[in-house]
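Good morning, and thank you for making time for this.

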Amino acid sequence: MKGIAFLLLLLLPACSGDGQSPPSLGPPAGASQPAAVSPVDLSTADLAALVTWEDLLLSVRGEATPEGVRLLRAMEGRPEYAPFLFDLAFLPTPYREEALPLLFGRGGVYGAQNFLRFAEERGFKKPEDDPPGYVEFKQRLFSTIQKEMGAFLDPKAPRLIAAQEVMWGGVAVDGIPPLNDPRFVTPGEAARWINPSDQVIGVEINGDARAYPRRIIDWHEMVNDTVGGVPVSLAYCTLCGSAILYDGRAGGTVYRFGTSGMLYRSNKLMYDRNTRTLWEQYTGEPVWGPLAGSGIKLDFLPVVHTTYEGWLRDHPDTKVLDINTGFRRDYGPGVAYADYWASGDLIFPAPDRDPALLRKDWVYAVRLHGEAVAYPIALLAERSVIHDTIGPTAVVVIATEDRSGGRAYESNGRRFRLEAPDLLRAGDGSAWRITEAALVSDDGSELRRLPGHNSFWFAVTNHAPRWRLYGE
């Protein structure tokens with residue numbers, strides 16, 4: 001949670017540090033009686049010239065210019081310029097005090113929830129919704145955070161997302177450092193520090209089983225690895241609660257990923273090191289840069305969210321991500337993001353507030369035929385086994401023994417009941433072992449494992465191109 005607290009203090013000074021409701025913050029001094037300004041022709045104004053200071057993170061060194069203030073005040077009451085004002089008010093810029101009352105109304109009260117409501121009430125946006133000059137302005141603005149970050153927002157590059165929905169996450173490019181080809185240890189070596197109840201993301205490919213403890217990857221959010229000879233990236237958005245495993249091979253190229261420091265609808269924007277294109281973490285698709293619109297897409301691979309105790313029992317030869325990552329972090333259980341997960345609130349905007357579930361209710365999302373089907377973890381835990389059909393495929397979804405996650409398989413129309421933690425009994429009496437690759441019957445028949453992962457409900461409704469909630 002330390003990273004979230006820092007972000008709130010830096011970006012939203014109106015928020016309280018204890019995670020409670022933000023205190024009221026009166027209007028900036030002088031906001032109720034603005035000085036007279038000369039008319040400004042916004043059609044010819046150099047909006048990018050608003051951003052002239054060198055270091056946004058140390059913005060106290062910069063000062064608002066009279067020309068910049070005049071431009072801002074000319075934007076008041078003009079909806080097409082709201083994205084400009086929003087960025088200048090959200091980021092710790094020298095124009096923040098001036099932009100706040102212009103955006104939210106003079107004499108108002110400003111706080112974290114104002115930003116969320118304002119951004120979410122605009123709804124989903126498309127690239128064509130960005131007003132003239134805005135993308136150029138956004139690139140210039142984000143370049144003052146870090147030139148490398150601004151370079152991602154090339155106004156001339158193909159893009160599939162609206163620039164006004166891209167937000168700074170409070171860190172620099174790779175400020176949340178990825179783990180690249182990390183070291184793994186044996187269960188015996190890991191026994192010195194890992195607990196049976198620790199939550200892990202379990203992966204097995206071609207007989208190579210690996211456990212990624214969440215207490216470690218919470219701090220890194222990206223693991224570029226090779227499992228069973230397959231180059232993979234475990235892309236983890238902590239804000240969405242989604243650790244998604246991607247096959248790194250696409251279009252004849254192996255892609256490796258980093259963290260851009262930016263967000264889209266409260267979801268991580270990752271980037272590939274090959275072309276420096278921005279990709280959406282939840283879909284595995286490039287959205288801004290050379291690869292956007294190319295048709296390239298990463299394939300989802302299965303993962304399971306469970307306890308280390310359960311994973312180790314089923315995979316005694318597993319490898320465990322080493323806690324000695326080379327970075328200095330407090331990898332204690334529940335240290336990172338615990339307060340965020342315990343709260344029902346979001347920090348960044350996500351326009352869709354589908355009321356079927358609470359925004360941060362946990363679901364198990366099965367990804368098949370271009371669709372994400374969400375199975376509420378609470379319901380899955382209650383039933384143990386759920387039968388469903390996704391497109392033309394009959395599926396069975398099985399709760400993990402600790403009831404924190406699930407696994408999904410093709411069912412070929414069979415009906416199952418759970419007889420033991422690792423065993424299903426079919427309606428015809430046949431027994432089926434639960435493995436990471438498939439359901440395996442006594443006669444050697446197999447039913448294929450399907451890709452799926454845990455996530456928060458809001459991530460499904462805001463990011464999956466097509467989605468369905470089981471039971472609707």
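A helix, in what follows, is a DSSP run of type H or I with at least four residues, and helices are numbered from the N terminus. Please keep in mind that what you see is a predicted model.

H4 is followed by Gly105, and the phi of Gly105 is positive, near 105°. Helix H4 itself spans residues 96-104. Why is H4 described as largely enclosed by the rest of the structure? The reason is that seven of its nine residues are buried. Those buried residues are Arg96, Glu98, Ala99, Leu100, Pro101, Leu102 and Leu103.

The partner of H4 in this part of the talk is helix H3, residues 82-90. H3 is mostly covered, with nine of its nine residues buried. The list runs through Ala82, Pro83, Phe84, Leu85, Phe86, Asp87, Leu88, Ala89 and Phe90.

How do the axes of H3 and H4 cross? They come within 8 Å, at an angle of roughly 135°. H3 is therefore oblique to H4, since angles over 145 degrees would be needed for roughly antiparallel. The contact draws on Ala82, Leu85, Phe86, Leu88, Ala89 and Phe90 from H3, and on Arg96, Ala99, Leu100, Leu102 and Leu103 from H4. As to handedness, the crossing of H3 and H4 is left-handed.

I move on to the sheets. In general, strands of a sheet pair through backbone hydrogen bonds, in either a parallel or an antiparallel sense.

Strand E8, residues 242-247, is joined to E15 by three bridges in the antiparallel sense. Within that pair of strands, Asp247 stands opposite Asp299 of E15.

E16 pairs with strand E4, residues 199-205, in the antiparallel sense over four bridges. Here Gly202 stands opposite Val304 in E16.

Gly261 belongs to strand E11, residues 257-264. Is Gly261 buried or exposed? Its relative accessibility is 4%, so Gly261 counts as buried, the cut-off being under 20%. The C-alpha atoms of Gly261 and Gly169 are separated by 5.5 Å, although these residues are 92 apart along the chain. Leaving aside residues up to four places away in sequence, Gly261 touches Met149, Met167, Trp168, Gly169, Gly170, Val171 and Ala172.

Finally, the cysteines. How many disulfides does the structure hold? The count is zero. For Cys237, the closest cysteine sulfur is that of Cys240, and a distance of 3.6 Å is too far for a bond, because a disulfide requires sulfur atoms within 2.5 Å. Both residues are enclosed: Cys237 counts as buried at 2% relative accessibility, and Cys240 is buried with a relative accessible area of 0%.

That concludes the presentation, and I welcome your questions.

Notes:
Residues numbered from 1 in each chain as written. Predicted model: local features only at pLDDT ≥ 70, side-chain atom pairs only at ≥ 80, totals over all residues. Heavy atoms only, no water. Pairing = 2+ DSSP bridges. Helix = DSSP H or I, 4+ residues; strand = E, 2+ residues; numbered from the N terminus. Buried < 20%, exposed > 50% of the residue type's maximum accessible area, 1.4 Å probe, protein only. Contact = heavy atoms within 4.5 Å. Axes fitted to C-alpha atoms, helices over the stretch in contact; angles between N-to-C directions. Parallel < 35°, antiparallel > 145°, perpendicular 65-115°, else oblique. Left-handed = near helix turned anticlockwise from the far one by under 90°.
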